[in-house]
Amino acid sequence: MKPEAQARQIIDQLLSDAGWQVQDNKQINLGAGLGIAVREYPLKSGFADYLLFINRKAAGVIEAKPVGQTLSGVEIQSDKYSFNLPKTLVCHQKPLPFIYESTGTETYFRDSRDPDYRSRRVFAFHKPETLQEWLSEPDTLRGRLQHLPVIETEDLRDCQKEAISGLFNSLKQNRPRALIQMATGVGKTYTAVSFIYWLIKFAGAKRVLFLVDRKNLGEQTQKEFQQYVTPDDGRKFTELYNVQLLSSNTIAPVNKVCITTIQRLYSMLRGEAEFETENEEGSLFDGNEENLQPKDVVYNPKIPLETFDFIITDECHRSIYNVWRQVLEYFDAFIIGLTATPSKQTFGFFDQNLVMEYPHERAVADGVNVGYEVYRIRTQITEQGSTIDSGFYIDTRNRQTRKLRWLQLDEDLSYTRKELDKSVVAFDQIRTVIRTFKERLFTEIFPGRTDVPKTLIFAKDDSHAEDIVRIMREEFGKGNQFCKKITYRTTGEKTEDLIASFRNSYNPRIAVTVDMISTGTDIKPLECLIFMRDVKSRIYFEQMKGRGTRTINSTDFQAVTPDAEVKEQFVIVDVVGVCESDKTDSRPLERKRSVPFDVLLQSVATDVRDEDTLMSLAGRLAKFEKKLNADEHTELKSVAGGKSIQQITRDLLDALDPDRQIEQAVKLFQNPNPTEAQQQQAAEVLVNQACQPFDNPQFRNLLKEIKSKNEQIIDTLSQDVVLAAGFDTTARDKAMGMVQSFREFVEANKDEITALQILYNQPYGQRRLTYEQIKQLANALERPPRSLTPEKLWQAYSQLEADKVRGAGVQKLLTDIISLVRFAMGETETLEPFSVMLEEKFQQWLMGKKFSSEQVRWLEKIKEHIITSVRIDVEDLQEMPQEAFQGYQLFGNDLMDILDELNEVLAA
């Protein structure tokens with residue numbers, strides 16, 4: 001099947017799934033349903049691939065393209081269809097408002113009624129009922145967003161007003177994604193409830209999705225909505241609008257706000273009737289979700305892509321932006337992220353559109369957060385482990401059942417700190433820590449206090465938490481109510497009731513958790529965090545610390561902790577060095593610090609591919625990649641066969657991953673349990689594939705060139721003295737050397753670099769240079785040993801041949817390099833800026849034309865684009881939708897011919 005036929009087949013199915021009836025033009029029956037999609041509908045000239053009818057009136061078009069074809073530039077063609085309508089065609093309005101371009105696997109949509117409308121990617125097609133509803137509205141959602149007011153209500157803190165203002169400005173610019181970073185404890189959820197209220201009231205938002213990390217945070221969010229008093233009306237949010245915390249896989253149509261987890265939402269999109277609530281209780285924040293494959297999503301007619309206008313993601317785990325990404329991108333909705341600790345994945349997903357940044361330090365300064373101090377407890381077993389002599393009887397315990405049995409050691413048993421509370425439990429280590437905490441609590445940690453402050457302890461696992469609770473009660477001589485375990489394996493009491501008691505009642509004074517209260521959960525009276533487990537993730541650690549940052553008014557605080565007046569700060573009791581250890585999501589890569597970069601490259605090229613070498617190379621590349629500019633990224637990717645430095649680094653690490661090696665062995669040998677030898681062979685295949693780019697000497701040399709250009713040695717030891725001061729008598733010699741170097745470069749590379757090939761070998765009128773080719777040429781010139789730039793060369797020619805140089809290239813346009821090359825080739829007698837040369841050609845071209853003043857003004861804009869970008873293509877017009885629309889109005893079907901002619905006349 002041809003790609004275009006394949007695309008039509010997929011598009012037909014997507015339309016049918018969305019409730020459209022697809023018909024051939026010869027079999028048209030507009031009375032067959034609300035939404036009719038007619039194939040190959042005749043226009044004034046040509047045919048529309050699909051013309052969309054709503055209630056017997058034309059409302060939109062679909063421009064179909066073959067599977068695999070990019071949709072850049074197709075907007076002009078589909079715009080043409082929306083204008084080029086038969087006079088007898090009954091339409092909802094002209095031009096048609098709803099425009100799609102689709103290959104079946106990729107679809108773009110725009111509503112021409114939007115202010116400064118532009119295409120956006122959508123998962124599938126909207127339902128005809130939705131388009132009918134949009135047609136009945138006096139303005140579009142994006143039009144209504146332009147009228148969002150400035151929110152200055154007294155219920156908001158200054159930082160919350162700032163966040164809402166930043167978000168509303170982003171929405172007015174039609175930015176599809178926005179990220180709000182606010183320190184834990186400053187009221188992100190309240191801020192979200194507030195802006196959701198205004199989006200419903202002023203922008204007419206139909207429905208909002210609020211995504212949380214786990215079920216108990218959903219319940220907490222629901223309470224925020226229930227308690228929110230609308231500042232202009234005085235009624236509660238839930239008295240005006242319905243809010244649903246999903247406990248089943250059904251969205252009630254009357255709801256304005258739906259609260260759920262990403263896990264349940266994915267289950268709903270898959271069409272599952274039920275989803276166990278237990279699956280929503282565990283946090284995915286500190287799990288290994290990011291190592292899983294992304295979740296595949298297919299269109300679900302019961303939950304169309306237009307179900308939500310806005311999606312809020314509140315402190316969701318990192319994997320929501322990779323593993324679960326398609327679930328979010330299924331919906332045609334604005335996505336707003338709330339976080340205290342954004343990762344690189346978070347910034348990337350939200351297109352670097354950070355509309356509010358409010359860190360902990362600023363929150364403490366503003367009195368919105370409390371600060372903290374760290375109290376360190378170090379014990380010998382915690383840091384060094386221990387040894388049990390042979391001959392002693394020891395207890396052994398099943399980790400799951402906790403059943404004990406005795407065992408006599410027949411040899412010494414040594415264990416390290418890493419094995420503590422995993423394969424070995426040392427009760428005295430736990431007891432020593434807790435006893436020290438008790439002894440120092442009222443003298444050093446919280447001097448003068450008599451009541452144990454509300455304390456949260458982070459344990460390694462449920463079994464470790466159980467041991468801590470028992471010993472804590474014993475050491476403090478208190479009963480069961482004093483210290484409670486709050487984990488997902490807690491039985492007898494509901495976890496939400498335990499959290500509520502910890503938050504609002506005198507007891508429990510101490511809670512022990514693994515990760516249930518580590519993120520999101522709000523415990524304002526909390527004054528002490530004890531880390532009896534290490535945390536490697538910086539983001540997760542910040543989330544855990546955030547449990548203590550909340551402020552609380554003195555009345556509420558004293559109701560829970562009577563012996564304290566105000567919450568001034570919180571204390572981290574660090575037992576395991578969590579505040580000292582590196583917070584990183586990746587393992588150390590560098591293994592060969594003393595080996596130079598170029599030697600590593602050469603080693604890999606000559607098949608020295610041991611783990612330490614490849615790990616070190618991956619580490620160097622990871623740091624190297626951060627220093628690259630956009631041009632260097634592009635050039636390296638081109639030479640590396642389309643692979644980015646980031647992808648090459650990832651491939652190197654994957655090749656050394658034992659799990660990937662096993663997967664490769666299973667695939668290679670069709671053996672579900674591959675032998676060690678097979679795994680070794682598979683590892684060799686992965687390593688060779690990952691190292692393939694380094695076989696190319698051009699790639700290796702380019703890496704070395706760019707690295708040498710970007711690196712500087714900083715000398716802080718040598719003292720300088722002035723030898724002489726005055727004008728340089730050798731300046732002319734330097735200029736001559738620079739010009740000679742440039743001429744040699746041009747001559748040596750006229751058959752190698754694309755831009756030089758075109759300038760040398762193509763007749764004047766047939767040259768088709770692109771901006772990318774000019775950038776490639778400029779980058780090659782700039783690299784050592786020549787280190788030439790257009791500015792330096794222009795200055796050199798000015799010194800040597802001042803009578804032949806017009807202008808000084810003051811605009812510093814990259815396109816001026818064309819003028820320099822042509823002058824060096826002897827093609828022109830004078831060196832003049834590219835803009836001056838194009839202006840003369842443009843005026844000469846206009847003299848032979850009969851354009852209106854409005855057409856000339858439009859052509860002037862296109863000329864300015866060519867001055868900076870060498871030429872103008874259909875893809876460029878896609879980036880200028882208003883100019884493209886105006887150009888089509890002014891020139892009609894002649895537009896593309898005029899642009900081609902202008903490119904031919906102006907471009908070198």
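Helices, in the sense used here, are DSSP runs of H or I with at least four residues, numbered from the N terminus, and Ala683 is found in one of them, helix α24. The model described in this section is a predicted one. With 14% relative accessibility, Ala683 counts as buried, because buried residues are those under 20%. Although Ala683 and Pro658 are separated by 25 residues in sequence, their C-alpha atoms lie 8.2 Å apart in space. Ala690 is likewise found in helix α24, and at 4% relative accessibility Ala690 also counts as buried. When residues up to four places away in sequence are not counted, Ala690 touches Asp651, Leu652 and Ala655. The C-alpha atom of Ala690 is 9.7 Å from that of Leu614, a residue 76 positions apart from Ala690 in sequence.

Helix α24 (residues 676-691) packs with helix α23 (residues 658-669) at an angle of about 105 degrees, the two axes being 8 Å apart. That angle makes α23 roughly perpendicular to α24. On the side of α23, the contact is made by Arg660, Gln661, Ile662, Gln664, Ala665, Leu668 and Phe669, whereas α24 contributes Gln678, Gln679, Gln681, Ala682, Ala683, Val685 and Leu686. Ala683, described above as buried, is thus one of the residues of α24 that take part in this contact. By class, the residues of the contact of α23 with α24 divide into eight nonpolar, five polar and one charged.

In the protein as a whole, there are 35 helices and 24 strands. Of its 908 residues, 50% count as buried. Among contacts in the protein with a separation of 6 or more, 68% are accounted for by residues 24 or more positions apart.

Seven of the strands form an open sheet, in which the order is β10-β11-β9-β12-β13-β8-β14 and the pairing is parallel. Strands β10 (243-245) and β14 (354-358) stand at the edges, and because each has a single partner strand, one side of each is left without a neighbour in the sheet. On average, and with direction ignored, neighbouring strands of this sheet are turned by 15 degrees against each other. Strand β8 (residues 177-182) pairs with β14 in the parallel sense over four bridges, and Leu354 in β14 is the bridge partner of Leu179. Helix α5 (residues 158-172) packs on the sheet, where it touches β8, β12 (310-314), β13 (334-339) and β14, and the direction of α5 makes about 170 degrees with that of β8. Helix α7 (residues 215-227), in turn, lies across β9 (208-212), β10, β11 (257-261) and β12, and runs at about 160 degrees to β11.

The structure holds 34 salt bridges. One of these joins Lys201 to Asp232, with the closest N and O atoms 2.3 Å apart. Lys201 lies in helix α6 (residues 188-203) and Asp232 in the loop between α7 and α8 (237-240), so that the pair ties together parts that are 31 residues apart in sequence. Lys201, at 40% relative accessibility, counts as partly exposed, and Asp232, at 39%, counts as partly exposed as well.

A further salt bridge is formed by Glu219 with Lys215, whose closest N and O atoms are 2.8 Å apart. Both residues lie in helix α7, four residues apart, which corresponds to about one turn of the helix, and Lys215 counts as partly exposed at 23% relative accessibility.

The side chains of Glu466 and Lys485 also meet in a salt bridge, at 2.8 Å from N to O. Because Glu466 lies in helix α15 (residues 462-476) and Lys485 in strand β21 (residues 483-485), this pair ties together parts that are 19 residues apart in sequence. Glu466 counts as partly exposed at 33% relative accessibility, whereas Lys485 is buried, with a relative accessible area of 14%. Beyond these pairs, Arg431, Arg435, Arg470, Glu474 and Glu475 are linked in a network of salt bridges.

Terms used
Residues are numbered from 1 along each chain as its sequence is written. This is a predicted model: local features need pLDDT of at least 70, side-chain atom pairs count only at pLDDT 80 or more; totals for chains, interfaces and linings use all residues. Side-chain values use heavy atoms; hydrogens and water are left out. Two strands pair if DSSP finds at least two bridges between them. Helices (H or I, at least four residues) and strands (E, at least two) are DSSP runs, numbered from the N terminus. Axes are lines fitted to C-alpha atoms, for helices over the stretch in contact, and angles run from 0 to 180 degrees between N-to-C directions. Contact means heavy atoms within 4.5 Å. Angles under 35 degrees count as roughly parallel, over 145 as roughly antiparallel, 65 to 115 as roughly perpendicular and the rest as oblique. Ala, Val, Leu, Ile, Met, Phe, Trp, Tyr, Cys and Pro count as nonpolar, Asp, Glu, Lys and Arg as charged, and the others, Gly among them, as polar. A salt bridge is a side-chain nitrogen of Lys or Arg within 4 Å of a carboxyl oxygen of Asp or Glu. Buried means under 20% relative accessible area, exposed over 50%, partly exposed in between (1.4 Å probe, protein chains only).
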